[in-house]
Amino acid sequence: MKECSEKYQIDTLENRKFLEKVRNNLLSFGYQFPSPGGGSYYLGDDGTPWKDRNRETWITSRMVHVYSLGSFLGHPGSEELADAGLKGLRGELHDTENGGWYAGRTAAGEIVPTKQCYAHAFVILAASSALLAGRPGAKELLDEALALYDLRFWNEEEGLSCDTWNTEFTVLDDYRGLNANMHTVEAFLAAADVTGDEKYRVRAGRIIDHVSGWAEENQWRIPEHFTKDWTADLECNKEQPDDPFKPYGATPGHGIEWARLIVQWALSTYGSAGREAQKYLMIAENLYNRAVGDAWNADGAPGIVYTTDWNGNPVVHDRMHWTLAEAINTSSVLYHVTGKEKYADNYADFMQYLDETVIDHVNGSWFHQLDRENHVIGTVWPGKSDLYHALQAMLIPCYVPDVSIAVAVKENKTLK
């Protein structure tokens, strides 16, 4: 293990204390997120709500998940904040006429059109965590979210999910994407853990098998964008490469995130022994190592570049906070599962960069976007949309990797 401050070394008491301090600061930072109707405001750098922006379903869902985790940690006020977000998901963001959840509401209260697979996956995650937290209405929300998802987004024949409907669920967009499917895997694993319905874990595995095959065919760089017949569109958004949801090229942060979810699925399905588990652990390592090799310190400064081309060269050099969060998560998981020191060394590098560059030590959150020289900017992600990636990164290194993080935290399944 590399020589560095014990504050950054995995599994040290000093590192655990650092993680705890950062997550407490994050939970304290976000308390002003709920609007009167329950939809989540974007927050400014000091935590002040930006009331002129849309209140979006995916963000609200993430905050319900975050403060459900906060309730397990005993953070004051977390139950009330989770309930506030649930009010939004059961109220102003819910479409009682057509079913499902609007993309969001505008500042004026108008409906943001379309029905997004991405957002609906996060409703499942939020409801699963809130149910674990014993929040009123969470079971009904989860039941409805799973039934709606099964009806509108899951394609049993393909073993994948579609992406976007119109608001009335009458016209399905031709675009297919892996970002929504990635968060579907996360949501399905949470639903399986919470409800005991293993069909969702099986479905997660079907998605993973597709993604693993596409990645292996592409030198472990994951194609993100597809046509309606699931033909990869490798040139998608080449003229708008920094799109927040459909960027051109490979997104190394997603390769890293997929790696962690694959480990969780494999361990929860097969246990840690046997050839099947080892096959998927190797896939996870390939994805992680390709992404980190392409993106970490790729341009002379620390940080993980947002996107690369299909040869691994940086395209968008900006550093997004969520990519670092996922790098912290996955390096810790791979170290704990494989025992390989290189992952512990990666983790220490990521933690030092987090502490020295990405944490806002004045206001208590993380900077969500930095340029290639690590100056704070806001061209793609102004302000603080939510705390989901950052908070999970301060928890996952401490807990067993074979269950969803909400279950692990509630049941205190810490790593020894």
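This is a predicted model: local features need pLDDT of at least 70, side-chain atom pairs count only at pLDDT 80 or more; totals for chains, interfaces and linings use all residues.
Residues are numbered from 1 along each chain as its sequence is written, and side-chain values use heavy atoms, with hydrogens and water left out.

**Exercise 1.** Work out whether Thr-57 is buried or exposed, and what its side chain reaches.

*Solution.* 
- Start with the place: Thr-57 sits in helix H2, residues 57-73 (helices are DSSP runs of H or I with at least four residues, numbered from the N terminus).
- Then follow the side chain, which reaches the backbone oxygen of Tyr-102 at 2.5 Å.
- Finally, look beyond four places in sequence: Thr-57 is in contact (heavy atoms within 4.5 Å) with residues including Leu-89, Trp-101 and Val-123.

**Exercise 2.** Find how many residues of helix H6 are buried.

*Solution.* 
- Locate H6 at residues 178-195, a run of 18 residues.
- Now count: 15 of those 18 residues are buried, so H6 is mostly covered.
- Step just past H6, and Gly-196 takes a positive phi of about 80 degrees.

**Exercise 3.** Sort the lining of the largest pocket into nonpolar, polar and charged residues.

*Solution.* 
- Use the classes: Ala, Val, Leu, Ile, Met, Phe, Trp, Tyr, Cys and Pro are nonpolar, Asp, Glu, Lys and Arg are charged, and the others, Gly among them, are polar.
- The lining then divides into six nonpolar, five polar and five charged residues.

Key. Helices (H or I, at least four residues) and strands (E, at least two) are DSSP runs, numbered from the N terminus. A polar contact is a pair of N or O atoms within 3.5 Å; within protein, one must be able to donate a hydrogen and the other to accept it, and residues adjacent in sequence count only if both atoms are side-chain atoms. The expected span of a helix is 1.5 Å times one less than its number of residues. Buried means under 20% relative accessible area, exposed over 50%, partly exposed in between (1.4 Å probe, protein chains only).
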